[in-house]
Amino acid sequence: MDDDGAWTMTGRSRPGRPAARKPAARTFEALPPTKGSRAPFAESWWGRAWLRSLEESSLDSGRLSRGRTYARRGAVGPVTVAPGSVGAPVHGSRRTPYRSKVTVEQLTDRQWDQLLDMIAERAANIAALLDGDMPAGLADDAAAAGVPLLPGPRDLDPQCSCPDWGYPCKHAAALCYQVARLLDRDPFVLLLLRGRGERELMDELGRRNTARASAEAAVSAATAGAPPAAPPARPGDPAGPAFASRTALPPLPGPPPLPDRPGRGPALVDSAIPEPGLDPAALELLAADTATRAHHLFAKALGAGHADTTPPAPLTEWQDAVRLAATHPNPDVFARISSNCGRTPGELAAATRAWRHGGTASLDVLESPWNPPASRLERDREALRADWADGRPPRLRAWRNRWTIEGRDAQLRLGRDGLWYPYTKDEGTWRPAGPPDADPAVVLTALLET
């Protein structure tokens with residue numbers, strides 16, 4: 001529908017906090033237009049989660065596309081964020097802007113207590129928030145505890161004074177896209193939407209940290225006067241008393257701190273004459289690689305919610321060979337792997353480039369064509385046509401998950417991870433050409449500019 005008329009969509013009722021406890025709303029100046037830019041609206045994972053909630057609940061991808069266009073051209077005015085809602089004037093075809101608003105359910109006091117306890121458990125959580133970052137482990141822990149920190153599908157309730165009956169209309173969609181840009185800059189915007197402001201949160205976290213430190217000091221003082229632990233059991237002692245003596249043992253120490261960088265590993269080259277069949281340089285490389293992977297795994301293990309995560313699938317021999325070549329860009333390493341992996345140097349080079357753009361998911365895009373759902377392809381085609389700023393997009397020839405640009409040695413490939421990957425043809429072979437993106441227009445524009 002057009003922009004004429006003055007009809008208001010009535011939103012669902014939302015439970016609110018008492019007025020006296022609500023923090024003050026924050027108003028952000030209108031963001032500058034980005035007309036012609038194909039950059040994504042959200043770079044942070046929590047900003048993308050906000051947009052995913054919008055896009056999965058939308059009933060019309062065309063309105064989302066027009067909303068993106070409105071947001072890029074600067075049609076959204078100053079954005080006001082308050083507990084449970086965000087609103088802004090959005091300019092349409094009429095001289096007077098429409099009033100668009102999106103409401104989000106606020107957290108209950110009990111949910112806030114759970115969330116604040118999770119934040120206070122680790123000083124790194126507070127440091128990350130102050131640094132403009134939202135720890136992924138914190139959101140995962142909150143979701144597991146039933147605290148919906150991030151909005152899910154159908155959690156966003158759009159309202160607008162325009163006559164469009166869409167859910168959402170293009171004006172409310174434009175507001176949501178601009179909110180994603182604000183979330184990138186300040187994670188406290190999301191927390192304010194859920195009901196608490198930055199000052200209130202930091203004051204409460206300070207009180208909880210003080211109480212926690214006092215409790216730990218009391219425990220330490222009480223433990224200092226405890227009787228000594230029983231001596232360790234000796235061979236031949238009865239099993240019952242030996243097992244019972246464990247109750248007197250002190251608690252296990254906490255995990256060691258994470259080193260700043262992985263260890264270097266042993267220096268084997270020129271240290272001694274190697275045994276026949278052993279390659280000291282190869283052993284040094286494998287030891288260094290193992291140290292790097294161990295450092296990465298330890299960092300993940302120290303993160304909140306790690307115990308509830310699913311271990312990644314083990315790599316195949318080919319995948320691990322590609323990972324090694326991509327992680328250690330050394331000509332000698334590449335030549336050694338190429339001579340032993342059963343693939344040509346060109347195949348390994350293409351696989352290595354793919355790995356650097358997305359690991360196993362990107363390697364699968366390179367090697368395995370598949371048949372995506374027709375609805376997903378049609379939705380992306382419609383979004384591409386509706387959102388193309390410079391006229392009609394170029395003609396595309398489709399085959400399975402691949403769109404080839406007619407008249408150009410360029411191609412888009414849809415991965416099973418939902419991202420579009422750019423490819424170019426070099427000497428008759430398709431090769432990865434850059435990082436992926438969820439919006440095919442972003443990838444297509446980058447390909448046409450090369």
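The dialogue below takes up the salt bridges of this structure.

Q: On what basis are the values computed?
A: The model is predicted, and local features need pLDDT of at least 70, side-chain atom pairs count only at pLDDT 80 or more, and totals for chains, interfaces and linings use all residues. Residues are numbered from 1 along each chain as its sequence is written, and side-chain values use heavy atoms, with hydrogens and water left out.

Q: How many salt bridges does a search of the whole structure find?
A: Side chains of opposite charge can pair when their charged atoms come close. A salt bridge is a side-chain nitrogen of Lys or Arg within 4 Å of a carboxyl oxygen of Asp or Glu. The search finds 19 salt bridges.

Q: Are R208 and E204 buried or exposed?
A: Buried means under 20% relative accessible area, exposed over 50%, and partly exposed in between (1.4 Å probe, protein chains only). Both R208 and E204 are buried. Their closest N and O atoms are 2.8 Å apart in a salt bridge. The two lie 4 residues apart in helix α8 (residues 198-224), so about one helical turn separates them. Helices here are DSSP runs (H or I, at least four residues), numbered from the N terminus.

Q: Where do D320 and R323 lie?
A: They are 3 residues apart in helix α11 (residues 317-327), and therefore separated by about one helical turn. D320 is partly exposed, at 24% relative accessible area, whereas R323 is buried, at 9%.
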